[in-house]
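Grab your molecule viewer and let's work through a few exercises on aromatic rings. Each task comes with a step-by-step solution.

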Amino acid sequence: MKRAAVYCRFAFEQGFVPWAPHLYYPQFLDDGNKGERAAGMRYALESMWQCKQLWVFGLTISEGMRAEIELAKGKRD
């Protein structure tokens with residue numbers, strides 16, 4: 001979470017509006033609850049339709065990141 005906040009700060013400083021769903025949705029959804037986790041991931045993918053760019057930071061690609069990357073690839077085709 002700390003690294004995500006740092007990456008969002010970096011994007012902000014570059015003049016972009018950062019969006020990191022994994023910083024937002026856990027504020028009110030229970031990531032340990034399968035249904036709520038699935039909802040959060042679905043909402044994250046839905047919100048990506050408003051994004052013009054996807055930036056990926058870090059060395060580890062999570063399940064959610066992989067889904068977002070695949071969606072972004074499909075958007076550009």
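The exercises below go from model confidence to ring pairs.

This is a predicted model, where local features need pLDDT of at least 70, side-chain atom pairs count only at pLDDT 80 or more, and totals for chains, interfaces and linings use all residues. Residues are numbered from 1 along each chain as its sequence is written, and side-chain values use heavy atoms, with hydrogens and water left out.

**Exercise 1.** Find where confidence is lowest and highest in the chain.

*Solution.* Start with pLDDT, the predictor's confidence in each residue, from 0 to 100. Its mean over the chain is 92, with 97% of residues at 70 or more. Next, go by helix (a DSSP run of H or I, at least four residues, numbered from the N terminus). Helix H4 (residues 63–76) is lowest, with a mean of 88, while helix H1 (residues 2–13) is highest at 95.

**Exercise 2.** Classify the pair Phe16 and Trp55, and say what it ties together.

*Solution.* First, the rule: rings of Phe, Tyr and Trp (its six-membered ring) pair if their centres lie within 6.5 Å; planes under 30 degrees apart are stacked, over 60 edge-to-face, the rest tilted. The structure holds 11 such pairs. For Phe16 and Trp55, the centres are 4.9 Å apart and the planes sit at 70°, so the pair is edge-to-face. Now place them: Phe16 is in the loop between H1 and helix H2 (21–24), and Trp55 in the loop between helix H3 (34–47) and H4, so parts 39 residues apart in sequence get tied together.

**Exercise 3.** Which aromatic cluster includes Phe16 and Trp55?

*Solution.* Tyr7, Phe10, Phe16, Trp55 and Phe57 form one cluster.

Note on methods. Helices (H or I, at least four residues) and strands (E, at least two) are DSSP runs, numbered from the N terminus.
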